[in-house]
Amino acid sequence: MDVCTSTLPASWYTSNDLYTLERRAVFYKSWTLLGPVTKWPNAGEDYPNEIAQVHFIVRRASADWRSLKVFSLNGLEMRSHLSPTGLLFLALSDEAVSFEEFFPGLEELIAKADFTQYLLRRPLKYTTKANWKTMVDGYQECLHCAYAHPAFAKVYSPVSYKVVNHKNYSQHFTCSENPLDGLFIYMFPNATLSLYAGGVTSWRIMPQEDASSSVMEFDYYHEAEAGSKEFEDYFKFTRTVALEDLELAERAQINLNIGIYTEGLLNPNKENGVSYYQTQVLDMCSAQYEKEQEQDTSSSAQRPFTPKIAQMTDPTCA
Ligand SMILES: [Fe+2]
């Protein structure tokens, strides 16, 4: 696959029409991490949620977390995947390939921790004024860490930070003296899993029809109870990093919205994670566009958006 040396065009962060293409091209064809199974603790209870305007319900039939399933609002079971160590994934449509084909090798990586031991202590969900990619951009590089995350940078050296890309996921490596640390994963397109500082943080960013805003879902998991010093110290540390990232994303989005940014160059070493996932978005949107061009005009007339090819070709991709 080609490697982009520049960012996606700024219009991709503000166009509602472009987002409707991303929904078909990216979200309907991907698997999304919904989180550790402790997010849905009660048998028989309905846990509603939504990704890319697809509404669904997570439900476990019994106390055994292996009975977790996901259903559409009309009661049909959706395609889900439970990892042996307790992570739940969802495919929004039948257009996604198998879990194993989408995330080859990920199962081995997430086998390094038993996520059933980390209970959900503090879930947060709110609207943020940023496109979903603006937030992913910030997670996928740590060039900004030294100045944007001073407390984090004292523990996790930005100098030695590196990102290794795999098919549809990226593993982040940093150095710390904490033996519990060491698992930072971005999962394409919109989720992360971070096991560090003694707990687990997992977030998803859910795109909205207004492309300049999204819904953020942050879940904080820990062995210690909420209110305990151990958990609150963990939460304070990790939440500080999250709020610093959110502020960066929302400020970047302001500049995207008013046209200050057009596109920029990516550092091939320090921003290889950004380059990787943005190329995935570009490739999937381009393939979807070409596929829809080949379909008959009667069906294409039903779609809300038929983009111009010029919008999806980045001439700076080498
Ligand atoms: Fe950050």
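Helices, meaning H or I runs of at least four residues, and strands, meaning E runs of at least two, are taken from DSSP and numbered from the N terminus. With that in hand, hello everyone, and let's look at this chain together.

What we have is a predicted model, where local features need pLDDT of at least 70, side-chain atom pairs count only at pLDDT 80 or more, and totals for chains, interfaces and linings use all residues. Residues are numbered from 1 along each chain as its sequence is written.

How far can we trust it? pLDDT is the predictor's confidence in each residue, from 0 to 100. The chain has a mean pLDDT of 89, with 89% of its residues at 70 or more. Over residues 305-318, though, the pLDDT is below 50. Where pLDDT is low, the predicted coordinates should not be read in detail.

Now the overall picture. The chain holds 9 helices and 13 strands. I'll call a residue buried if 20 or more other C-beta atoms lie within 10 Å of its own, exposed if 12 or fewer, and partly exposed in between, with C-beta atoms placed from the backbone. By that count, 38% of the 318 residues are buried.

Next, please find the open sheet. Its 7 strands run in the order β7-β13-β12-β11-β10-β9-β8, with antiparallel pairing; two strands pair if DSSP finds at least two bridges between them. Which strands stand at the edges? They are β7 (119-128) and β8 (162-166), and each has a single partner strand, so one side of each has no neighbour in the sheet.

Inside the sheet, β10 (residues 183-187) and β11 (residues 191-196) pair over 5 bridges. Met187 has Ala191 in β11 as its bridge partner. In the loop between these two strands sits Pro189, and the peptide bond from Phe188 to Pro189 is cis, with omega near 5 degrees. Most residues other than glycine have a negative phi, and most peptide bonds are trans.

Ala52, in the loop between β2 (47-51) and β3 (54-60), has a phi of about 50 degrees. Is Ala52 buried or exposed? It counts as buried, because it has 23 C-beta neighbours inside 10 Å. Asn168, in the loop between β8 and β9, has a positive phi of about 70 degrees. Asn168 is buried too, with 20 C-beta neighbours inside 10 Å.

Let's go on to the core. A nonpolar core is a set of buried Ala, Val, Leu, Ile, Met, Phe, Trp, Tyr and Cys residues joined through C-beta atoms within 7 Å. The largest one has 67 residues, and among those touching the most other members are Leu33, Met187 and Cys285. Helix α8 (residues 272-294) gives the most to this core, with 7 residues. A second, separate core of 5 residues includes Cys142 and Phe152. In soluble globular proteins, nonpolar side chains tend to be buried together.

Stay with α8 for a moment. Its buried residues include Tyr276, Val281 and Cys285, and what covers the buried residues of α8 includes α1 (16-25), α4 and β10.

For contrast, turn to Glu108 in helix α3 (residues 106-110).

Technical notes:
Two residues are in contact if their C-beta atoms, placed from the backbone, lie within 7 Å.
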